[in-house]
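Please look through the sequence and the structure shown below before reading on. The report that follows takes up single residues, then one chain as a whole, and then the way the parts touch.

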Amino acid sequence: MIARYGPRAIALGYLAVLLVLPVGFVFYRTFENGLAPVWDALTNPEAVHALYLTLIMVAIAVPANTIFGVIAALVIVRSKARGRSVLNVLVDIPFAVSPVIVGLSLVLIYGRTGWLGETLGDQGIRVIFTPVGMALATIFVSLPFVVREVVPVLREVGDDQERAAETLGASPWQTFWRVTLPAIRWGVAYGVVLTTARALGEYGAVSVVSGKLVGETETLPLHVEQRFAQFDLTSAYTSAFVLAGIALIVLLIMQMLKPKSEATG
Amino acid sequence: MIVLIPLAAVAVKSTENGLDGFWTVVTSPQALAALKLTLAVAVIVALINAVFGTLIAWVLVRDRFRGKGVVNAIIDLPFALPTIVASLTLLALYGPKSPLGVDVAYTRVAVALALLFVTLPFVVRSVQPVLHELDRDMEAAAESLGARPRTSFRRIVLPNLLPAILAGVALAFARAVGEIGSVVLISGNLPFKTEVASVFIIGQIESGSLAGAAAVSTVLLFLALIVLVLINLLAWYGRRHDR
């Protein structure tokens, strides 16, 4: 009995205490005082602007990293260029480096006294404390996801079909659109979902670069912290609720894509 | 280039005031306390993940019960949930107004709790596929020869899973060392007590001491580099043994 149910009980108990109970409880806390304060917090101009800015970050980072990710994966798997194994290791760096350090490095380069900051500043271009810098930070931290999902799929698929297409007279461009992309599409989709999740929730790197100007460079995760620091718990919980809701949708899409990506892979 | 140049800038900035300047910042009591705490908690979190991550992967692969699909989906929640929300959720349940009467807010336990939350998927997701592929014949053979389940687990399953467990642990460790969002609300960021290295770095940046921030960052970068090399060595070792 114990040998059979023991591990299950411990594993499920651990998950309940660490994941399910806390997240469930936030939903309860959000609606504790009824719907009216939640609606007020939701329609507050600061919160609306924060959500808007967060979605813009996603809209910039996701396409940028998808295009880069597919190209980088093709270089790592298909090309014989020198340095591709170096690229393979470099791509993982944003996973291994603290987001705070990512933010700091951007400040050091684009800040007022930074390597490029002075030249850009003379031309009236500011990066740090503006959405431009925040977009750079978001792209940096969510860089590896698409590459990491597409590389194994490309390896599995092999290049037989691509070669066949070429012998039949297809241009490299045609081969990519007609043969390669359809084969890796679930890998790309899964990577895009992970990139979206990370870009939505990024806190560390964005918080360093943004300067946290309320109503200007404040994303939704930063708004959660700011409201919490002001003891406005209802607003903090409401914004967290919105983010958690988006996270649940992301989780659902991940589950829907998973069996398919495994079937092709 | 997007990746390397910025990181080089950090390393260069850290020695702006010479090696002495670097050393003074890194060995200042507050920086040292933050670095020590970060390392200690990351090691503890990595070890707990090794045990519970393997256990959860085991239950997900070998056990059968209703709702297993949902449990399997929940594992990815920490990857999908913004870290600041994770911090708020843990604070709501295990903080000052806890309905369970458990208040660990602003303690080191809270830091560990937050890090356990965000690093949960690494070991599970790294062990799960290996366990799935593992041939059950060897275990069946061991058991038919009279080995008890515990013995066959220890002598047969565990050695096969070890590379995957270590790879997951390394990822979890790297994440724990650099984590900020999930820790920031629940730890209270008390210097010498619950301030982790990444919070210390933010403090330095906000007080205008970029060189100080860069110095502590360089120490963390060095740690990350070691972990990256270890992961790649493990992957290489694993591939060699597959042949």
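Is A:Phe231 buried or exposed, judged by the other C-beta atoms within 10 Å? In this predicted model, A:Phe231 is exposed, because 8 other C-beta atoms lie within 10 Å and a residue counts as exposed at 12 or fewer.

A:Phe231 belongs to the loop that runs between helix H13 (220-229) and helix H14 (233-264) of chain A, and its phi is near 60°, a positive value in a residue other than glycine. A positive phi is also found at A:Phe129, where it is about 70° although this residue is not a glycine. A:Phe129 sits in the loop between helix H7 (117-122) and helix H8 (131-141) of chain A, and it is partly exposed, with 19 other C-beta atoms within 10 Å.

| Residue | Other C-beta atoms within 10 Å | Class |
|---|---|---|
| A:Phe129 | 19 C-beta atoms | partly exposed |
| A:Arg163 | 12 C-beta atoms | exposed |
| A:Phe231 | 8 C-beta atoms | exposed |

**Domains of chain A**

The domain assignment divides chain A into domain 1 (1-30) and domain 2 (35-264), and the centres of these two domains, taken over C-alpha atoms, are 30 Å apart. Where the domains are in contact, domain 1 of chain A gives five residues and domain 2 of chain A gives six. On the side of domain 1 of chain A that touches domain 2 of chain A, three residues are nonpolar, one is polar and one is charged.

**Chain B as a whole**

Chain B holds twelve helices and zero strands, and its C-alpha atoms fill a box of roughly 65 × 50 × 30 Å along the principal axes. Of the 243 residues in chain B, 47% are buried. Among the contacts in chain B with a separation of 6 or more, 79% are made by residues 24 or more positions apart.

The mean pLDDT of chain B is 84, with 96% of its residues at 70 or more. For the model, the scores are ipTM 0.83 and pTM 0.85.

**Helix H1 of chain B**

Helix H1 (residues 4-14) of chain B has B:Pro6, B:Leu7, B:Ala9, B:Val10, B:Lys13 and B:Ser14 as buried residues. These residues lie on the same side of H1(B), because they cover an arc of only 150° around the axis. The face of H1(B) turned away from this buried side carries the exposed residues B:Leu4 and B:Ile5.

**Where the chains meet**

How many residues of chain B are in contact with chain A? The contact involves 58 residues of chain B and 56 residues of chain A. Helix H12 (residues 210-242) of chain B supplies ten residues, the largest share of the side of chain B that touches chain A. By class, this side of chain B has 48 nonpolar, seven polar and three charged residues.

Terms used
Residues are numbered from 1 along each chain as its sequence is written. Chains are lettered from A and ligands numbered from 1 in the order in which they are written. This is a predicted model: local features need pLDDT of at least 70, side-chain atom pairs count only at pLDDT 80 or more; totals for chains, interfaces and linings use all residues. A residue is buried if 20 or more other C-beta atoms lie within 10 Å of its own, exposed if 12 or fewer, and partly exposed in between; C-beta atoms are placed from the backbone. Helices (H or I, at least four residues) and strands (E, at least two) are DSSP runs, numbered from the N terminus. The arc is that of the directions from the helix axis to the C-beta atoms. Two residues are in contact if their C-beta atoms, placed from the backbone, lie within 7 Å. Ala, Val, Leu, Ile, Met, Phe, Trp, Tyr, Cys and Pro count as nonpolar, Asp, Glu, Lys and Arg as charged, and the others, Gly among them, as polar. pLDDT is the predictor's confidence in each residue, from 0 to 100. Domain bounds come from an automatic or database domain assignment.
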